[in-house]
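Please view the sequence and the model below before reading on.

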Amino acid sequence: MIPQRVYFLIWPIWYSVYLFERITWYWGHIPFSKSLRLSALVKGCRCLEIDCWDGSQNEPVVYHGYTLTSKLLFKTVIQAIHKYAFIASDYPLVLSLENHCSPPQQEVMADNLQFILGDSLLSDMLDDFSDQLPSPEALKFKILVRNKKIGTLVETRERRNSDKHGQVQEYEEYEEADKEEEENKVKESETLAYLKGYPEKETESKNLARLPLFRKKRVKVALALSDLVIYTKAEKFRSFYYSKLYQQFNETNSIGESEARKLSKFSANDFILHTRKFVTRIYPRATRADSSNFNPQEFWNVGCQMVALNFQTPGLPMDLQNGKFLDNGSSGYILKPQFLRDFETEFNPYEIPQNSNPVTLTIRLISGVQLPPSSHSSSNKADTLVIIEIFGVPYDQMKQQTRVIRRNAFSPRWNETFTFVIQVPELALIRFVVENQNFLTGNEFLGQYTLPVLCMSKGYRHVPLFSKFGQSLEPASLFTYIWYVR
């Protein structure tokens, strides 16, 4: 089933669209492999995280720190990325540097990036006077560096073509402070203000208490690397309140999975207003040492642009990710729905929208065509069933299942009809899963296909199937009749 809508992305300003960029993570004790990173690029990934550390002979290396992963020279990784960066998409690629290197080796990284990437590297502003991010169309075939940055873009422009060798500056970074200790300080401040008769101090301390508790620490950054960061400056997220007051247009935030989940549930509208303006990245919690993935849908629902997934770990999250980006020609950039771009949006994914335009989707599942056989059966004959799942806002999460066709994976026939009422179809994905029923060990996965609901073509359609690892199982498919009305 080919997506019906393949449209040209119109993106007047960066923060007004859905930057569903995919990040590859190399996590836990999975051996670091250059082939994994390249396969992610070939699949259309538009953002890669590179974990950089000091290496021998003044050559920075890439590996997942404090683990048994193998080490690669930083310059070797950049050479490979340069070769495959625009195989699947012409749109900009972001290199998010998890930078643990000393200033001398940061300078080596800067030299490698400039020498290897050449004109592909974005090292200067496109517009001298703009305070908005440029469009992906304007950034075609460009590679952007995401890292800590010293100073403003204007100061970077003034230093252009100057000798920055040996120039190092300190960057003030914020880390979480001890909550109990900081709360005691706030209480002491309020008590002193009350005793001295300054009631306005109480209001001030309450406003300060709205900000998360962070302490400053200083990090040394080589100016040569800092000046390669233009529109993707990495900045610690502190609060929506703080960002609204102080965050600059070219600053991007990283929020941990657990914190982001709490924010999306209890401050969904503030989260949406934040992602409407600033590029926001969600990363897995540290306890995912097995490289497992979270469900990205809950963060897409509030407009998060970069949702970090382990590409080497197959399963439902990666199926959703691959399906989501079938839209817009698999370019890696998808226009946000209007209600996630509106300055005055009141959209909340946990509430049914008042002015929603729901879709009534009807699917008649007719038959299967050469479905994969069971690997758990001596005769390879599967007891096949199909599960149809909808992923989107919580009110749209649902699934229905066919009856089981015994010992037939070659040409099972169901002729069953399913109806789904989808409140927010703009965010909804549909997933077809074929399984072999097994009461003893649990159902066996045979194949799946995921795509955006509004990309589905009406009428009689063959739904192709993919393996657990995302490989095509052609000619295996499901024969369906699809109809929907709004």
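## Salt bridges in the predicted model

Both Lys-233 and Glu-251 are buried (buried means under 20% relative accessible area, exposed over 50%, partly exposed in between, with a 1.4 Å probe and protein chains only). This is a predicted model, in which local features need pLDDT of at least 70 and side-chain atom pairs count only at pLDDT 80 or more, while totals for chains, interfaces and linings use all residues. Residues are numbered from 1 along each chain as its sequence is written, and side-chain values use heavy atoms, leaving out hydrogens and water.

**Overall count**
- The structure holds 19 salt bridges (a side-chain nitrogen of Lys or Arg within 4 Å of a carboxyl oxygen of Asp or Glu).

**Lys-233 and Glu-251**
- Lys-233 forms a salt bridge with Glu-251, with the closest N and O atoms 3.4 Å apart.
- Lys-233 is in strand β9 (residues 233-236) and Glu-251 in strand β10 (residues 251-256), so the pair links distant parts of the chain, 18 residues apart (strands are DSSP runs of E, at least two residues, and helices runs of H or I, at least four, numbered from the N terminus).

**Arg-285 and Glu-257**
- In the salt bridge between Arg-285 and Glu-257, the closest N and O atoms are 2.9 Å apart.
- Arg-285 counts as partly exposed because its relative accessibility is 35%, whereas Glu-257, at 1%, counts as buried.
- A network of salt bridges links Glu-257, Arg-261, Arg-285, Arg-288 and Glu-298.

**Arg-486 and Glu-426**
- Arg-486 forms a salt bridge with Glu-426, the closest N and O atoms lying 3.1 Å apart.
- Arg-486 is partly exposed at 48% relative accessible area, and Glu-426 is partly exposed at 32%.
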